[in-house]
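Please open the model in your viewer and keep the selection tool at hand. The tour below goes from one selection to the next and says what is to be found at each stop.

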Amino acid sequence: MKAIKRAALAAGVCLAAFGMIAAPVAQAQQVTVERAMSDAPYWNAALPTEQRVEDLLARMTLDEKVAQIITIWDSKGQIQGEGDVFDPAKAAAKFPHGIGQIARPSDRAGPSSPRVVPRRNIEDSIQYVIDAQRWAMENTRLGIPVLFHEESLHGLAAKDATAFPQAIGLASTWDPALIRDINALIADETIARGVHSVLSPVVDVARDPRWGRIEETFGEDPYLVGEMGVASVEGLMGTGTTRKLAPGKVMATLKHMTGHGQPESGTNVGPAQISERTLREMFFPPFEQVVKRTKIDAVMASYNEIDGIPSHANKWLLEDVLRGEWGYRGAVVSDYYAIEDMARLHHIAPDNARAGEIALLAGVDVDLPEGAGFKDLATSVREGRVPQAAIDNAVRRLLTTKFNAGLFDNPWPDLAKAQTSNGAEGVALARKAAEKSLVLLKNNGALPLAIPASGGKKPTIAVIGPNADVARLGGYYGEPRASVTPLQGIRAAVGDRANIVHSMGVEIVKGDSDWWDDPVELGDRDENLRRIAEAVEVAKDADTIVLFIGDTEKTSREGWAAGHLGDRTSLDLVGEQNELFTALKALGKPVVAVLINGRPPSYTTIAAEADAILETWYAGEQQGTAIADALLGNVNPGGKLPVSVARNVGQLPMFYNHKPSARRGYLFDEVTPLYPFGYGLSYTTFTLGAPQLSSASIKAGQGVTVSVPVTNTGKRAGDEVVQVYLRDEVSSVTRPVKELVGFSRVTLQPGETRNVTITIEPRAFMMWNTAMEQVIEPGAFTIMTGANLAEVQSVTLTVTQ
């Protein structure tokens, strides 16, 4: 227990619920200890992190150093006993020099199982963390604690944790303050389980909807993605740039640097055929903003290659740009198995050992999730292929993360707090997030549904579709204590004021639709045609049909292997869903289409013929309640699209901030998107006045504010998102026709007017010139404001030297 006591004594903390002397978590007693002197400087919490790191680093052997920069996940079973509990004896035999990280303690086993399930419950997960941490701090030579990490893209991906809308839905809120609050709650639930690091957020700019991972992103615009990314990290880690974590916070990991969101042919891990200029203009800015404005201490490299160089081998990317130009001081971690991919997939190394050498020398510090790329680095040093200093730099960064996270001072879980996760506060925030993420794409008056308060004839509502009675959560999901399906939400909201009838209509995929499961087989066509006939029969006497269609977690997802695909060539509905819609539409009833999906809704038949369309994405555990409230008018949808929606794949790539020479037109088809970036309707109406600038002329390096009067001219309270775009009228290199430079979501009561003021920062006027230098060229800039991309009012700003 000596090392454990050192950590506690150095911090003067109370050890609660960590099962001293192997007591079960449920019976753990709080033990109070007094502050005392530590045996070595690295245990002294009063010393600066840098001094503690250097003291510890000087005491470590080469093998101990290499052990710190690898992780275990696949090999979990080799250090576990009966019941999947952590086995100290097996751990000591397998990892005599310690373990740097353990991936996903909520999982009972690594990917050797068909699916990474079942998950541990809270108590078992905490006991696993305690047992592993006790072993590391008591039974390894230097007592270096383990860093545990989990996924938390839209909620802690564990059992009994709050599940929020998928990232693309969170982006549709256009509400950074809400994103900050959500991630603060995620941090709270995560740290209580003794986990100090999460693999989120994703700030990849997404420019290809064929790519199954588009759901994990904040959309196509670098400014919006950057603001959402900054808010996410601030929620997880706290505000400011001091790298040490405050209590209740966790280390975020910024993913994936970079170009990952526009892979060749839309296929995951495909080459990113992107020029340096486009990287700097579109893909770098979100990463740069997070690095410069937050505490971020971990950045994950991306799977793809750029100009023939995989990101994990790209010294220019990781050293010159990230660490050099942006001043990043934290660790660079690999994506899962990406170092091995340099041998297996990219063929730039003959084996994993050489791939590990390449990655380390390019600037990668930590090998996730199993260490196959880094496990031979001690041999590489001894044989002179890798300098000792390169190992020391990587270990120094990882140890700095551990000290900044407080692992040496108080790494222990809090069982009582963890058991309250996904409680009333989380449920309420999940519901709020779901409500704010909803985007109304079309409405000819079919919404809100007309249901009398009481008395009179009860209307009949047919709730149809494969996504009506399931709560789809999207990729990297957790397991909340309870989820509300749309059908459940509608029945609860309507009560006895309407008759609800239901039919599945079609089955999208056969059997289980678990995101982790490898095979994907579409539903049987003959069976689906029978189901369609049944749905028509159920709906024939309804007053309104509410049709829930879209995707499952299998039909659009991360394609991480040839046997686990997730990208698609088509953007339209899969299977017989269009036929289901056509058959129901033929009944002559109003049809409200509710879209539940992770990719932009390029459903041309639905767009043309539905009476109303509500885009809900994967709206989290409270989706059913939020969707029902929106359908009934208790919630007024106010979300906006964070992506452009193409009409068909022939338009791709489709993004709004294109160059002036693009989008000239096509024979026999439209050049415009089906729905533009920033688009979203409301049950009320808004009028935006002409923009007013704080100054008609500014000097280069100055910012400017733009003010827009916004009036709710309808009869309902509602939200509007004021969007500010910029265009450089004449420049030495081509510039986009429009660039988002500011936004603000406001809530207005009927008849209320508010003057919305938005600051345009000096960086908005910067560009990369012909010499690839970032400059501000004087001249005229058009400032455009509006409630969506297509309907704007303009004013001219002059920038002088």
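Throughout this tour, a residue is called buried under 20% relative accessible area, exposed over 50%, and partly exposed in between, with a 1.4 Å probe and protein chains only. The model is a predicted one, in which local features need pLDDT of at least 70 and side-chain atom pairs count only at pLDDT 80 or more, while totals for chains, interfaces and linings use all residues. Residues are numbered from 1 along each chain as its sequence is written, and side-chain values use heavy atoms, with hydrogens and water left out. Helices (H or I, at least four residues) and strands (E, at least two) are DSSP runs, numbered from the N terminus.

**Loop residues**

Begin with Arg663, which you will find in the loop between helix 21 and strand 18. Arg663 is partly exposed, with a relative accessible area of 25%, and its phi is near 65°, a positive value in a residue other than glycine. Most residues other than glycine have a negative phi, and most peptide bonds are trans.

Stay in that loop, which runs between helix 21 (623-632) and strand 18 (686-688), and select Pro653. The peptide bond that leads from Leu652 to Pro653 is cis, with omega near 0°.

Another cis peptide bond, with omega near 0°, joins Leu368 to Pro369. To display it, go to the loop between helix 12 (352-362) and helix 13 (377-382), where Pro369 lies.

Next, select Ser265, in the loop between strand 7 (254-257) and helix 9. Here phi is near 65°, again a positive value in a residue other than glycine.

Axes are lines fitted to C-alpha atoms, for helices over the stretch in contact, and the angles run from 0 to 180 degrees between N-to-C directions.

Which residues of helix 9 and helix 10 make the contact? Helix 9 contributes Glu276, Leu279, Arg280, Phe284, Val291 and Lys292, and helix 10 contributes Trp316, Leu317, Val321, Leu322 and Glu325, where contact means heavy atoms within 4.5 Å. By class, the residues of this contact divide into 7 nonpolar, no polar and 4 charged. In this scheme Ala, Val, Leu, Ile, Met, Phe, Trp, Tyr, Cys and Pro count as nonpolar, Asp, Glu, Lys and Arg as charged, and the others, Gly among them, as polar.

**Helix 7 with helix 16**

Now select helix 7 (residues 176-191) together with helix 16 (residues 424-437), which pack at an angle of about 150° with their axes 11 Å apart. That angle makes helix 7 roughly antiparallel to helix 16. On the helix 7 side, show Leu178, Asp181, Ile182 and Leu185, which meet Glu425, Gly426, Leu429, Lys432, Ala433 and Lys436 in helix 16. The residues of this contact divide into 5 nonpolar, 1 polar and 4 charged.

**Helix 14 and its partner**

Select helix 14 (residues 388-404), whose 17 residues reach 24 Å from the first C-alpha to the last, close to the 24 Å expected at 1.5 Å a residue; the expected span is 1.5 Å times one less than the number of residues. Is helix 14 mostly covered or uncovered? Helix 14 is mostly covered, with 13 of its 17 residues buried. Beyond its end, look at Gly406, which follows helix 14 and has a positive phi, near 85°.

Thr49, Arg52, Val53, Glu54, Leu56 and Leu57 of helix 2 make the contact with Asp392, Val395, Arg396, Leu399, Thr400, Phe403 and Asn404 of helix 14. These residues divide into 6 nonpolar, 3 polar and 4 charged.

**Two last selections**

Thr61 lies in the loop between helix 2 (49-59) and helix 3 (62-68) and is partly exposed, with a relative accessible area of 35%. Finish at Val730, in the loop between strand 22 (718-728) and strand 23 (739-748), which counts as exposed at 66% relative accessibility.

How values were computed: Parallel < 35°, antiparallel > 145°, perpendicular 65-115°, else oblique.
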